Amino acid sequence: FNPAKGESARLDYTIDNDGQVTIKMYNIVGELVRTLVDESRSAGTYIESWNGKNDNGETVASGIYLCFIEAPGIKVIKKAAVIK
């Protein structure tokens, strides 16, 4: 996706049980870039998005980023490519 054009990466997920949900973006060398979610949530389907910005509100460099999603019964890693 291209944040310079206002695009964002969409993350859809479903949790079957209430509990803590954590979604974090890391760069390819493993540095934390952005925490999207870190809270308790009820069971259900959710949609999050990442606009290509870090926790300081700065647009990240082009490259591959890893999204770690952890919730009750879920541990998923997804890739996102930022293109400028």
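## A nonpolar patch, a core and some aromatic pairs

I28, V29 and I64 together make a nonpolar surface patch with about 300 Å² of accessible area. The areas come from the Shrake-Rupley method with a 1.4 Å probe, and for residues only the protein chains shown count as cover.

A word on the basis: this is a predicted model, in which local features need pLDDT of at least 70 and side-chain atom pairs count only at pLDDT 80 or more, while totals for chains, interfaces and linings use all residues. Residues are numbered from 1 along each chain as its sequence is written, and side-chain values use heavy atoms, with hydrogens and water left out.

| Residue | Relative accessible area | Class |
|---|---|---|
| G19 | 15% | buried |
| Y26 | 21% | partly exposed |
| I28 | 57% | exposed |
| F68 | 33% | partly exposed |

G19 belongs to strand β2 (residues 19-27); strands are DSSP runs of E with at least two residues, numbered from the N terminus. Beyond its neighbours within four places in sequence, G19 is in contact (heavy atoms within 4.5 Å) with E39, S40, R41 and P72. The C-alpha atom of G19 is separated by 17 Å from that of E48, 29 residues apart along the chain.

The largest nonpolar core has 19 residues, and V21, I23, W50 and Y65 have the most contacts inside it. Two or more residues come from each of β1 (9-15), β2, β3, β5 (63-71) and β6 (74-82). Such a core is a set of buried Ala, Val, Leu, Ile, Met, Phe, Trp, Tyr and Cys residues joined through side-chain atoms within 4.5 Å. Leaving aside neighbours within four places in sequence, Y65 touches residues including M25, V33, W50 and V82.

Y65 also forms one aromatic cluster with F1 and W50. Rings of Phe, Tyr and Trp (its six-membered ring) pair if their centres lie within 6.5 Å; planes under 30 degrees apart are stacked, over 60 edge-to-face and the rest tilted. By this rule there are four aromatic pairs. One of them, Y26 with F68, is edge-to-face, at 5.1 Å centre to centre and 80 degrees between the planes. This pair links distant parts of the chain, with Y26 in strand β2 and F68 in strand β5, 42 residues apart.

How values were computed
Helices (H or I, at least four residues) and strands (E, at least two) are DSSP runs, numbered from the N terminus. Buried means under 20% relative accessible area, exposed over 50%, partly exposed in between (1.4 Å probe, protein chains only). Patches are made of residues with over 30% relative accessible area and no salt bridge: like charges are joined within 9 Å, nonpolar side chains (Val, Leu, Ile, Met, Phe, Trp, Tyr) within 5 Å. A salt bridge is a side-chain nitrogen of Lys or Arg within 4 Å of a carboxyl oxygen of Asp or Glu.
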